[in-house]
Amino acid sequence: MNQVLEKYIRATNYLSATQIYLRDNFLLREPLQRKHIKPRLLGHWGTCPGVNFTYAHLNRAIIAHDLDMLFVLGPGHGFPAIQANLFLEGTLSKYYKDIGRNSEGIAKMVKQFSWPYGFPSHSNPEAPGVILEGGELGYSLSTSYGAVLDNPNLIVACLIGDGEAETGPIATAWHLNKLLDPAHNGAVLPILHLNGYKISGPTFFGRMSDDELSALFTGYGYKPYFVDSYTEDDVHARMQTVLDQAINDIHFTQHCAKEGSLRDNPRWPMLILRTPKGWHSIAQIGDKKIEDNHYSHQVIADGALQNDEEFRLLEEWLRSYRFDELFDGERFDADIESLIPREGRCMGDNKHAFGGQAVCQPLNLPNIYEYDRENTCNLDDPICGEVSSMEKIGAYLRDTMQLNEGERNLRLFSPDETYSNKLQAVFDYTNRTFVWPHKEWDKDLAHDGRVMEMLSEHSLQGLLQGYVLTGRHGVFASYEAFIQIVASMVDQYAKFLKIARNVSWRGVIPSLNYILTSTGWRQEHNGFSHQNPGFIDDVLQRQGCFTNVYFPADANIALVTFKRMLESTREINVMVCEKRPLPVWRTIAEAENDVRDGISIWDFASDKDPHVVLAAAGDYPTQEVLAAISIVRQNLPKLRMRFVSITSLSALGIGNSTCRVLPYSFEDYFTEDKPIIVNFHGYPQTMKQVLFDYGCDAERVRVHGYEETGSTTTPFDMMVRNRVDRFRLAMEVYNVAFKAGVASEKKIRSLIDEIQTKLSDHRAYVIENGDDPIDITNWIWESRS
């Protein structure tokens, strides 16, 4: 078997290296010339030999144990190795018909690597079997754990680089073994690859002793196995023994859990693999140690086009693999062929990485009309104002989980905030997963639950991505301010999704769904640190027809929005809504129209031929605009106003990601020339940018929103401090009334003075009493008589 493994690794090392260097003479059938070398040498060599060693041994284990295994590569810059293995196992040719498993196919693959309009330098969605790009390091382990949830027969082999292991997200992801119930889920086999160096220096893990590493990972709850190419007399034999033992450990743990005999914490195996960086390459160039040093991280002999010595060393290195002994131009050596798993078992062709009907089933969803309060809303009834959007969503999510119990394809991810965010209705049906020991007073914990809680947004984001990319449905509920922690991860996912949507062989997958609650407008008790609506800006910067940010104004709109999110595919959806009870303005039927169009005129708060248009996006901003309309109507009944509710924004503007940026023209909602006052949930500049795309004159539009003016204060004072309150809005409308000739200057001055007095009184009241005045807290809409 050692000879078989050595041949396979030589072949993949050669194919990995030539991708970085060669533009011609790919099989080295003639002496290497400078014209055969790419003009721009791009790629990363250092990690590739360790990846190829691992992939070869995993193939042997797959064949020996008939495993359903997926490979996740943490250091995505090792993509030349992934591409080489995809080619060797035949997966690349399966999905790229123009890259045959022959000499012409090798020529095309090698030439096109890191070449304009060819293959990228890092793992990417155009590569079969890839569910993680790995350009931004740190997300491999959590993504792997997400992939095995509710996939009881799947093992994900996750190779983590020792540089990547220094990141915060990896550090927390080791704890995800405490959320993995062996009786109902698959398994992750972490392989910590210690090649000792990052781009310009040593890694922490590479310099730790075996005793230190063993203590660390045993403490995490793993059973570490060591494979050390520096000390083993036969590293292949050791790797085979260790992998077989690890697979047996996984199967035994799962068997015991299923039969109920697992009494202790499950101790999953992991591998710690030590190999030289840039293994089997150039030992030295001048006075620089290359192999087993950081200089092999990227392109070694990068001066080969100009330097004779480097050119000579490059050719010697490439020829050292004796590729002509392994490949005759049409076929690979029989030993190599024997290490290719049977059809359906190749890691690059694992069905879980491709989406589509084989792994992705739509959810059975409850009838939303069963959640309407008598299907009507009487806006004169203050009882109508006692509905929490989040509690309604919690009930709907609970029932959806129950309807899909047989499929086990829906989970809630939350950083210890399920109760706080008012989603506790889900615990009528399920529990929070927690595999480590339970105490008798613990509440809503079970080894197997549909709710994943961990105080690491990074780990939850990785779990969600792995779960969704393998065809299942997930919801990430978070405090609005702290979802920003994963903004960069979402950026990376959006890049992946944008490309994947256009790859013909990548099937449908569910959308990535977020609920942002405990929003800044009601974080007056926690203060400035908890007030940050910036995540929506980041999502709206993603170009394309697949990002949506929803601002439901009430519980019914929130419910309809949530249903649409769960039904959608291959999108990124963000819903921003408050958890405290607020007025219900719309029936379910009206809410469906609002969500469908993303924008609507609310007739009960609007007049024909308006003097001014007031618009809002968000629940509290909507309440303040309607309160302002009510105030103005009492004092200036002749002024005509229109209220426009903006329910959703996408990267393309107002509306949703169907690429239909408004169901009608902009003027149908906002008139051709009347002043527009917008009350926005987030930063004003975000909405200004949207309106700018519609050609709005800056003189015509005023936008209010969060202005980074916050502290520990009262709820209404938060609105006042950021100038989104009803009084400031009413003053702006009064100025419009004067310009429109509806009221005299004296009348307007009197009304504005009255409001200024109210604002002064408000400040004095909250300082004295520590709460808002009762006429603010108990406000209800009053219809015009």
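Visitor: Okay, leaving aside neighbours within four places in sequence, what is Y514 in contact with?

Guide: Keep in mind that this is a predicted model. Setting those sequence neighbours aside, Y514 contacts Q461, F476, I483, V490, F535, M565, I572, N573, V574 and M575.

Visitor: And which residues touch the most other members of the largest nonpolar core?

Guide: Y514 is one of them, along with F71, I106, F323, F670 and M687; that core has 181 residues.

Visitor: Where does the largest share of this core come from?

Guide: From helix α1, residues 2–21, which supplies 10 residues. There's also another core lying apart from it, with 74 residues, including V595, A616, F716 and L751.

Visitor: Switching to helices. At what angle do α13 and α17 cross?

Guide: Roughly 35°, with the axes coming within 8 Å. Helix α13 covers residues 389–403 and helix α17 covers 555–567.

Visitor: Left-handed or right-handed?

Guide: The α13 and α17 crossing is right-handed.

Visitor: Which residues make the contact?

Guide: On α13, S389, K392, I393, Y396, L397 and T400; on α17, A555, N556, A558, L559, F562, K563 and L566.

Visitor: Now the rings. How many aromatic pairs are in the whole structure?

Guide: A search turns up 37.

Visitor: Pick one. Why is the pair of W174 and Y222 put in its class?

Guide: The planes of W174 and Y222 sit at 85°, with the ring centres 5.5 Å apart, so the pair is edge-to-face. The cut-off for that class is over 60 degrees.

Visitor: Where are the two in the chain?

Guide: W174 is in the loop between α7 (168–173) and β3 (187–194), while Y222 is in strand β4, residues 222–228. The pair links distant parts of the chain, 48 residues apart.

Visitor: Are those two buried or exposed?

Guide: W174 and Y222 are both buried.

Visitor: What about W602 and F643?

Guide: That pair is edge-to-face too, at 5.1 Å centre to centre and 65° between the planes. W602 lies in the loop between β16 (599–601) and β17 (612–617) and F643 in strand β18 (residues 641–646), so the pair ties together parts 41 residues apart in sequence. Both W602 and F643 are buried.

Visitor: Which residues do ring pairs link into a cluster?

Guide: W602 and F643 are in there, together with W585, F604, W779 and W781.

Notes: Residues are numbered from 1 along each chain as its sequence is written. This is a predicted model: local features need pLDDT of at least 70, side-chain atom pairs count only at pLDDT 80 or more; totals for chains, interfaces and linings use all residues. Side-chain values use heavy atoms; hydrogens and water are left out. Axes are lines fitted to C-alpha atoms, for helices over the stretch in contact, and angles run from 0 to 180 degrees between N-to-C directions. Helices (H or I, at least four residues) and strands (E, at least two) are DSSP runs, numbered from the N terminus. A crossing is left-handed if the near helix is turned anticlockwise from the far one by less than a right angle, and right-handed if clockwise. Contact means heavy atoms within 4.5 Å. A nonpolar core is a set of buried Ala, Val, Leu, Ile, Met, Phe, Trp, Tyr and Cys residues joined through side-chain atoms within 4.5 Å. Buried means under 20% relative accessible area, exposed over 50%, partly exposed in between (1.4 Å probe, protein chains only). Rings of Phe, Tyr and Trp (its six-membered ring) pair if their centres lie within 6.5 Å; planes under 30 degrees apart count as stacked, over 60 as edge-to-face and the rest as tilted.
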